[in-house]
Amino acid sequence: MKPQETEDWSRKPEAVIPGKKSKAPSDAIVLFDGKNLDKWQKKGKDMPAAWKVKGKSFTVVPKSGAIETKQSFGDCQLHIEWNSPTKDVKAGKKGQGCGNSGIFLMGRYEVQVLNSFENETYYNGMAGSVYKQHIPLVNPTIAPGKWQAYDIIFTAPKFNADKSLKSPAYLTVFLNGVLVQNHVELKGPTEYIGHPSYKYHDAKVPLFLQDHSNEVSYRNIWIREL
């Protein structure tokens, strides 16, 4: 056998220019570049996103409601940076009431955003968790007031023609460069109450960021469709 017999020339990978310091690579869709929320809207409504943009980041406006992307996504790589407010700690807020928000892929599958630095809560609800389904492998969070980063690889669920489940969703998550979820299988949408189960949905759905009444900030958000 010759070495050439196992050489694969069938698909030439596209050249991509990587971003510097976690900035978007050349083939990414930039969802927030520090200027405006033009690629976002109020969740479920054709209305402008009401969150506050300031200093190359934007912040949850409590009680204004969640915001979602105008574009829909399925399988993806997502980079998003977030910052828990120090004011929650100063106000004595604890557990799920301290720096709480969430990243909902396809509007259903939540990677938790929470102050989990010296702030105890149920472990499948802390930062780095797949909410109420998977405890993070470790806790690499840093103190509120400092920027933290998620890098998420999401494989969307697939459905058969009769709308039954063909294959479940999977998540791999890095928090601050540390692996916290290693290709975990989702049991369905992440539920606050009760046990999850899959229900048919479109192959691509907007992602949304949660308003949990805490002034969590976000910046440098980009996504690559896979």
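## A buried phenylalanine

Phe58 is buried, because its relative accessible area is 0% and buried means under 20%. The model that shows this is a predicted one. Phe58 belongs to strand β4, which covers residues 57-59. Trp82 is 24 residues away from Phe58 in sequence. In space, the two are 9.5 Å apart, C-alpha to C-alpha.

## The nonpolar core

In soluble globular proteins, nonpolar side chains tend to be buried together. Here the largest nonpolar core has 43 residues. Which of them have the most contacts inside this core? They are Trp40, Tyr150, Leu171 and Tyr218.

Several strands give two or more residues to this core, including β1, β6, β9, β12 and β15. Also among them are β7 (101-105), β8 and β13 (178-185). Strand β6 gives the most, with four residues.

## Strands that pair

Strand β6 takes in residues 76-83, and strand β9 takes in residues 148-155. The two pair in the antiparallel sense, over seven bridges. Ile80 stands opposite Tyr150 of β9. Tyr150 is also one of the core residues with the most contacts.

Strand β9 has another antiparallel pairing, with strand β12 (residues 170-175). Six bridges join β9 and β12. Here Asp151 faces Phe174 of β12 as its opposite residue.

## An open sheet

Five strands make up an open sheet. Their order is β2-β5-β14-β7-β8, and they pair in the antiparallel sense. Which strands stand at the edges? They are β2 (40-42) and β8 (109-113). Each has a single partner strand, so one side of each is left without a neighbour in the sheet.

Inside that order, β5 (residues 67-69) pairs with β14 (residues 208-209). This antiparallel pairing has two bridges. Glu68 has Phe208 in β14 as its bridge partner.

## A buried glutamine

Gln112 sits in strand β8. Is Gln112 buried or exposed? Its relative accessibility is 1%, so Gln112 counts as buried. A polar atom of the Gln112 side chain lies 3.0 Å from the backbone oxygen of Gly125.

## Two positive phi angles

Ser22 has a phi near 70 degrees, a positive value in a residue other than glycine. Ser22 is placed in the segment before β1. With a relative accessible area of 36%, Ser22 is partly exposed.

Met106 has a phi near 55 degrees, again a positive value in a residue other than glycine. Met106 is found in the loop between β7 and β8. Its relative accessibility is 2%, so Met106 counts as buried.

## The largest pocket

Rolling a probe the size of a water molecule over the atoms shows where empty space is left. In this model, the largest pocket holds about 280 Å³ of space. The elements that give two or more residues to its lining are β1 (29-32) and β15 (217-225). Strand β15 gives the most, with four residues.

In total, 15 residues line the largest pocket. Which of them lie nearest its centre? They are Lys23, Asp33, Gly34, Lys56 and Asn220. By class, the lining has six nonpolar, four polar and five charged residues.

How values were computed: Residues numbered from 1 in each chain as written. Predicted model: local features only at pLDDT ≥ 70, side-chain atom pairs only at ≥ 80, totals over all residues. Heavy atoms only, no water. 1 Å grid on protein atoms, 1.4 Å probe; cavity = no way out; pocket = protein on both sides within 12 Å on 5 of 7 lines; lining within 4 Å. Points joined across faces, edges and corners; volume = space filled by probe spheres on them. Nonpolar A, V, L, I, M, F, W, Y, C, P; charged D, E, K, R; others polar. Pairing = 2+ DSSP bridges. Core = buried A, V, L, I, M, F, W, Y, C linked by side-chain atoms within 4.5 Å. Buried < 20%, exposed > 50% of the residue type's maximum accessible area, 1.4 Å probe, protein only. Polar contact = N/O pair within 3.5 Å; in protein donor to acceptor, adjacent residues only side chain to side chain.
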